[in-house]
Amino acid sequence: MGESVATQAERIASDFLHEEIKTSYQIIGKGIVNQVFVVETKSRKVVVRMNDSAAFPSYVKEKWCIEQAAAIGIPGPEVLTIGVIDETAYMIQAFVEGDNGVDSTALKTDVWRQLGKYAKLIHSIPVKGYGENLIDPVHGEFHSPSHAGSDGSWLGYVQYNINSLTENDRLIELGVINHTKSQRVRKLFENLKKERFRFGLNHGDFSLKNTIINQSGQVILLDWGNAEVRTVPHGDMIWLMRCQMLDGNPNTEEFKAFQDGYGISAENLADMRHLQLLSAFDNLRWAIDRNPDLIESYAAFAKKVVDMMMD
């Protein structure tokens, strides 16, 4: 199967570049969603990312995000083209010379500080709507699909999680909360409905593996597949707080560097705990409905957030 995928990547690149392929190799271990190949001709070197055809809207979103970020000074790989062929969605990017952030000898805190600066810039990109799907690239409008119990809006998202706090809540059965804590959580979530939030573009996956450090030390930002319009600066901060709690990456010093780069205080982070709880509960309810294999790990994390806030 690897050979056939590699051959397909070469064919896609050759058809676009109109050149014979000299060599190609797969990038392993830096992503879990796409098949990624580096393809080289006599005069060009490109990256071909592939997925099934359903991923094409995500490539449209990534291309838009990379271009918007570049316009405000955030370096990323140039997107040469996107398309669909033989039920395979693809994106061809210019190859970026440098080391992946995980492997780079650059000081990790310096990279995280730069990512904090990038995050603040990203949050200033003009967008409309709410959610993870880019439905209008011309006007930068995003949309969140509705589902049972939610109309897809921010308030619908909050209200869905309030309505799910019932006497027979699966989260009680899983040991995440008890009936008393359920009532306390309900009050916290009701208060969120009264707060006025600013909504902006979130990268959604800040990490060292999503960076390239070039020879001059410039940090190049990759992989916008999880980008979405959510509350800012909360969305990206909550993601990093989750990563830190799960595996300590970024570590305390690196996370502090990200905060410094962004210009946000520890007090501001403390105010985000209620939103972190909301996110943890919503993710767990998604797993219960859509991906039972993740229930155990998501329940463990949700309980960790509950215990951190309420004990």
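Me: Take Tyr-262: buried, exposed or partly exposed?

Reply: Start with the scale: buried means under 20% relative accessible area, exposed over 50%, and partly exposed in between, with a 1.4 Å probe and protein chains only. Tyr-262 has 8% relative accessibility, so Tyr-262 counts as buried. Tyr-262 sits in helix H8. Helices (H or I, at least four residues) and strands (E, at least two) are DSSP runs, numbered from the N terminus.

Me: What should I know about the model and its numbering?

Reply: This is a predicted model, where local features need pLDDT of at least 70, side-chain atom pairs count only at pLDDT 80 or more, and totals for chains, interfaces and linings use all residues. Residues are numbered from 1 along each chain as its sequence is written, and side-chain values use heavy atoms, with hydrogens and water left out.

Me: Which residues is Tyr-262 in contact with, leaving aside neighbours within four places in sequence?

Reply: Contact means heavy atoms within 4.5 Å. With those neighbours left aside, Tyr-262 is in contact with Gly-116, Lys-117, Ala-119, Lys-120, His-123, Pro-233 and Met-237. Tyr-262 and Gln-114 are 148 residues apart along the chain, yet their C-alpha atoms are separated by 8.5 Å.

Me: Pro-233 is in that list. What kind of peptide bond joins Val-232 and Pro-233?

Reply: The general idea: most peptide bonds are trans. The bond joining Val-232 and Pro-233 is cis, with omega about 5 degrees. Pro-233 lies in the loop between strand S13 (228–231) and H7. Another cis bond joins Asn-249 and Pro-250, with omega about 10 degrees. Pro-250 lies in the loop between H7 and H8.

Me: How do I read phi?

Reply: Most residues other than glycine have a negative phi. Glu-87 has a positive phi, near 65 degrees. Glu-87 lies in the loop between S4 and S5. Glu-87 is exposed, with a relative accessible area of 59%. Asp-223 is not a glycine either, and has a positive phi of about 55 degrees. Asp-223 is in the loop between S12 and S13. Asp-223 counts as partly exposed, at 25% relative accessibility.

Me: What does Leu-115 touch, not counting residues up to four places away in sequence?

Reply: On that count, Leu-115 touches Phe-206, Ser-207, Thr-211, Val-219, Leu-221 and Phe-258. Thr-211 is in strand S11 (residues 211–213). Thr-211 is buried, with a relative accessible area of 0%. Beyond its neighbours within four places in sequence, the contacts of Thr-211 include Asp-99, Asn-100, Gly-101 and Val-111.

Me: Which element holds Ile-212?

Reply: Ile-212 lies in strand S11. Ile-212 is buried, with a relative accessible area of 12%. Ile-212 and Glu-97 are 115 residues apart in sequence and 7.9 Å apart in space, C-alpha to C-alpha. Leaving out residues up to four places away, Ile-212 touches Val-96, Glu-97 and Gly-98, among others.

Me: How do I read the chain as a whole?

Reply: Compare its radius of gyration, taken over C-alpha atoms, with the globule rule: 2.2 Å times the number of residues to the power 0.38. For 311 residues, a compact globule would have a radius of gyration near 19 Å; the chain has 21 Å, which agrees. The chain has 11 helices and 13 strands. Buried residues make up 48% of the 311 residues. Among contacts between residues at least 6 apart in sequence, 66% join residues at least 24 apart.
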